[in-house]
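Here is a request for a brief packing report.

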Amino acid sequence: MRLLVTGGAGFIGSAVTRQAVAAGHDVLVVDKLTYAANLDNLAPVAGSNRYRFEQADIADGARMRALLADFRPDAVMNLAAESHVDRSIDGPADFIETNIVGTFRLLEAARDYVAAGEAPSGFRFHHISTDEVFGSLGPDDGAFVETSPYQPNSPYSASKAASDMLARAWGETYRLPVVVSNCSNNYGPYQFPEKLIPVVILSALAGKPIPVYGRGENVRDWLYVEDHADALLLIAQNGVPGETYNVGGRAERRNIDLVRAICRLLDARRPDGAPKGGHESLIEFVEDRPGHDLRYAVDCAKIERALGWRPATGLDEGLARTVDWYLANEEWVERIRARGFDGARLGLGGAR
Ligand code: NAD
């Protein structure tokens, strides 16, 4: 397949790109290169003739239209987004611009591409989203299904919810072949060090306090990023236009339990670096994030049934791999710090 992957220099988009190229697909990555992007994530495919990169903003409709006409993809996979909840609370404007206006412009460009007769038959517009659009669950509420009502609580999730609705409407109104997927929390190698798991690993390694919101009671479902990339490639190829698919890891964990598990992994791997009482003694509870959703859980029975996908990596195994990757790739982190990433933000340590 020929895949146009927006946001391909980010955490999940780069995993999709690495996997797609390895599987023999041709990939054009389109990325604005915001603070969250990292071309180092694409180094494994940089020399491949199946991979191309264009720096561009998805909100630049004319540019998107030209790239579509030139590359002629079988699918657009829209992963470009502002993705960090804490940043959306501090300053929502970029979230509105990229997640809503950007998705709108990209949908319009894709509509022109199809209307001009340039899109191959079977073309799909795959919009990638989050389970956060569904809002928060109580401890005994079961899990979100594809038909659960949208109840976003943060500027981030509201902007993603709006973009999901646009994607849906472009499918219904203009018959654009749209598929949407909503996924739970991802983790794994190459995740930008402002998200919970890298924050915990890097704070612990530096002997700094490990910030945990509230009492760490919030529950998230965790999916190893390579498993998500597998699911996304399946959806881009075989997803039924008009359908949405929930994707999850079937691995719910309270934040505090997740953080403790990471600390134990680090105790075992870096016993000399552990403070007295182990890395757990670095845990520091901080004032909770406003509007912090208590629990997310997704029911991914539909994609399991319809497309035969299942999360392949258990949480314990995925966490061990992730910790080992950060330990082996300290240079990757150093290069981000050298670009001026504000280490103070590590103190925020959100759930995403
Ligand atoms: P990320 O922040 O790591 O990467 C986002 C990428 O998009 C960056 O490379 C950035 O430069 C690019 N980008 C931002 N604005 C752009 C614009 N206007 N034009 C072009 N490129 C732009 O995010 P991620 O964690 O890889 O998430 C990717 C997608 O998956 C997002 O849509 C997010 O909402 C969704 N998602 C993420 C998670 C998660 O746990 N990380 C879970 C479910 C869904």
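The report takes the helix pair, then the sheet, then the contact between them.

The model is predicted. Two packed helices are described by the angle between their axes and the distance between the axes. Here the pair is H1 and H7: their axes come within 9 Å and cross at roughly 65°. An angle of 65 to 115 degrees counts as roughly perpendicular, so H1 and H7 are roughly perpendicular to each other. Their crossing is right-handed.

Which residues make the contact? H1 supplies Phe11, Ile12, Ala15, Val16, Gln19 and Ala20. H7 supplies Val225, Glu226, His228, Ala229, Asp230, Leu232 and Leu233. By class, the residues of this contact are nine nonpolar, two polar and two charged.

Now the sheet. Three strands form an open sheet, ordered E7-E9-E11, with mixed pairing. E7 and E11 stand at the edges with a single partner strand each, so one side of each has no neighbour in the sheet. From one strand to the next, the twist averages 50°. E7 pairs with E9 in the parallel sense, over three bridges. Asn186 stands opposite Leu223 in E9.

H7 also packs on the sheet, where H7 touches E7 and E9. The direction of H7 makes about 70° with that of E9.

The elements named above span these residues:

| Element | Residues |
|---|---|
| Helix H1 | 11-22 |
| Helix H7 | 225-238 |
| Strand E7 | 185-187 |
| Strand E9 | 219-224 |
| Strand E11 | 252-254 |

Terms used
Residues numbered from 1 in each chain as written. Predicted model: local features only at pLDDT ≥ 70, side-chain atom pairs only at ≥ 80, totals over all residues. Axes fitted to C-alpha atoms, helices over the stretch in contact; angles between N-to-C directions. Helix = DSSP H or I, 4+ residues; strand = E, 2+ residues; numbered from the N terminus. Parallel < 35°, antiparallel > 145°, perpendicular 65-115°, else oblique. Left-handed = near helix turned anticlockwise from the far one by under 90°. Contact = placed C-beta atoms within 7 Å. Nonpolar A, V, L, I, M, F, W, Y, C, P; charged D, E, K, R; others polar. Pairing = 2+ DSSP bridges.
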